[in-house]
There are 2 protein chains.
Amino acid sequence: MLHLVGLGLSDETDITVKGLETVKKAARVYLEAYTSILLVDKSVLEKYYGREVILADREMVESSSDEILRDAQTLDIAFLVVGDPFGATTHTDLVLRARELSIPIRTIPNASIVSAIGSTGLQLYNFGQTVSMVFFTDSWKPASFHDRIRENRTIGLHTLVLLDIKVKEQSLENLARGIRIYEEARYMTVGQCCQQMLEIEEIKRAEGEGMEGVYSGESLAVGVARVGGKDEKFVSGTLEQLCEVDEVLGGPLHSLVLLGRRTHELESDYVREFAVDKELWDTIWKRDYEGKQ
Amino acid sequence: MLHLVGLGLSDETDITVKGLETVKKAARVYLEAYTSILLVDKSVLEKYYGREVILADREMVESSSDEILRDAQTLDIAFLVVGDPFGATTHTDLVLRARELSIPIRTIPNASIVSAIGSTGLQLYNFGQTVSMVFFTDSWKPASFHDRIRENRTIGLHTLVLLDIKVKEQSLENLARGIRIYEEARYMTVGQCCQQMLEIEEIKRAEGEGMEGVYSGESLAVGVARVGGKDEKFVSGTLEQLCEVDEVLGGPLHSLVLLGRRTHELESDYVREFAVDKELWDTIWKRDYEGKQ
């Protein structure tokens, strides 16, 4: 049987009791380690589980899934995923392949950023579609997130923005030469995300797309770091203010929520507690959000 | 400190290791038991935790929150919530009150139906806002869910529909007389939900609201039962077909996903596996969904 086990968001003790039992009795244990990370190392997990954990990078999951699934018709194989197994990234490919091989599948859910973001006090009912923000390069600035945010904002909804992580990436030069040297891991910060959002908004406005724009430097948002962890951190403010809060937020992982105008007063009460500047928060709240439907 | 502890979706072993440690050492343990339920009784939890669990019904949480928070400035109080503490229902009131009383707060996230619904194979990125469906009465058929679904469908997104549960409810007669006798618990089924959805669609069309309608008996959907449990069950088909699948789905809790047209082919591949009638699924998929953006 293939057991897809969610690890939750923070450390080794965020696994469920059911998940831990499964890991302990599995024949092999893989850790999917390229779409998100825990705040602890693999070695901590291995010590905690009392057994070896095999790191499954993108290459392995996408090209060598049959190795992961080997003998899973009769053996228990645990495939560990940070967050929920079907959270921000789905592993439907692996599961479809398991089905083809007549391997039974079991899912052990866990917290995902998509639901844990509720700890900001923003109601999950008021969220539209989730978007991803990738690291821009000089020549590559994918802007489809902007369309998705426009759709959400048109109907007044919040947008959760998930931020890029780069682990085990090769430089273009090393890639071209086939040299397996990997760059240092990079995790996008709330500040970088806000800057990229404002950059694209500016480009779109210059292109004359929509007179009113989708958001601005004065749009209200919440930056979060290490949600679910002991030192989780929330900072709220305008997109412009949030460009400058990386030091306050501290280490990875970061995420961002852009507020929709359909925000309930209780939500604002809750979130203003974390405001960089409560006075400015109140002013913009009253002007652009309060009572809007 | 007030510890908000998520219990996950299914049984006593879905709590996280961190959550279990917190419950074991807390001075008092409350279980919020009116917005969702586990598939096991309170007595099972008490045995598993080795301690008393105080049932917190709506009345207690809304009117007697100070009793729950008593001495939490110095004692550890655990407030257990099925799913994630900030999942389908938020407990921001309780937390805001705790803040007023200078009580530190900690959240221990867990799986929520809002993210675990990804185990259908439908991508969480493609979900719009979540809606709730309440039990209709002869005179009360709230239809705001229909507006929300229209908004989601306009931009091509899936809609997760969370279904009403009635626990510890009094009949109107007993309520009027102040008699504290409670009705048997009721859990809405996928069949009831689909019937109510089609009823409202029919009323709206008769009122001439939008020539094309929002959905129809031929719209594709997935009914789910006991997500995350050992006997979780998925059935996919048209809304009309799903009116008749309650026996196949079995006991509570049920939820529903109405597909958006922006469905990816991999999602359909995954979900058609559960189809009541694969041939009809393919026909409607090709006609109304495939390649639509």
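In chain B, L253(B) sits in the loop that runs between α11 (246-249) and β12. The peptide bond linking P252(B) to L253(B) is cis, with omega about -5°. This is a predicted model, so that geometry, like everything below, is computed.

Chain A has a cis bond as well: the one from P252(A) to L253(A), where omega is near -5°. L253(A) is found in the loop between α11 (246-249) and β12 (254-258) of chain A. These bonds are worth a look, because most peptide bonds are trans.

## Positive phi values

Two residues of chain A other than glycine deserve a glance at their backbone. D71(A) has a positive phi, near 65°, and belongs to the loop between α4 (65-68) and β4 (77-81) of chain A. With a relative accessible area of 40%, D71(A) is partly exposed.

S102(A) also has a positive phi, near 60°, and lies in the loop joining α5 and β5 of chain A. Is S102(A) buried or exposed? Its relative accessibility is 58%, so S102(A) counts as exposed. As background, most residues other than glycine have a negative phi.

## Where chain A meets chain B

Now to the contact between the chains, to which chain A brings 54 residues and chain B brings 54 residues. About 4600 Å² is buried between chain A and chain B, and carbon and sulfur atoms give 56% of that area. On the chain A side, R99(A), Y125(A) and Y270(A) lose the most area to chain B, together 15% of what that side buries.

Between chain A and chain B the count is eight salt bridges. In one salt bridge, the side chains of K18(A) and D14(B) meet at 3.1 Å, N to O. Polar contacts across the interface of chain A and chain B come to 19 residue pairs, both residues at pLDDT 80 or more.

Which elements give two or more residues to the side of chain A that touches chain B? They are α1 (17-25), α5 (92-100), β5 (105-108), α6 (113-116), β6 (131-133), α7 (144-154) and α12 (265-272) of chain A. Of these, α5(A) gives the most, with five residues. Sorted by class, this side of chain A has 22 nonpolar, 19 polar and 13 charged residues.

## Helix α7 of chain B

Helix α7 of chain B covers residues 144-154, and its buried residues are F145(B), H146(B), I149(B), E151(B), N152(B) and R153(B). What do the buried residues of α7(B) pack against? Their partners in chain B are β6 (131-133), β7 (159-163), α9 (190-206), β12 (254-258) and α13 (278-289). Just after α7(B) comes G156(B), with a positive phi of about 80°.

## Annotated binding-site positions

An unreviewed UniProt entry places the feature "binding site" at L9(A), D84(A), G87(A), S112(A), I113(A), L163(A), V227(A) and H254(A). One of these, L9(A), is in the loop between β1 (2-6) and α1 of chain A. L9(A) is buried, because its relative accessible area is 18%. Beyond four places in sequence, L9(A) touches residues including D14(A), I37(A), G83(A), S112(A) and V227(A).

S112(A) is in the loop between β5 and α6 of chain A. Its relative accessibility is 2%, so S112(A) counts as buried. Leaving aside neighbours within four places in sequence, S112(A) is in contact with L9(A), G83(A), D84(A) and G87(A), and also with S115(B) of chain B.

Conventions
Residues numbered from 1 in each chain as written. Chains lettered and ligands numbered in written order. Predicted model: local features only at pLDDT ≥ 70, side-chain atom pairs only at ≥ 80, totals over all residues. Heavy atoms only, no water. Contact = heavy atoms within 4.5 Å. Buried area = accessible area lost by both parts, 1.4 Å probe. Salt bridge = Lys/Arg side-chain N within 4 Å of Asp/Glu carboxyl O. Polar contact = N/O pair within 3.5 Å; in protein donor to acceptor, adjacent residues only side chain to side chain. Helix = DSSP H or I, 4+ residues; strand = E, 2+ residues; numbered from the N terminus. Nonpolar A, V, L, I, M, F, W, Y, C, P; charged D, E, K, R; others polar. Buried < 20%, exposed > 50% of the residue type's maximum accessible area, 1.4 Å probe, protein only. UniProt positions renumbered as here; feature names shortened; annotations may be inferred.
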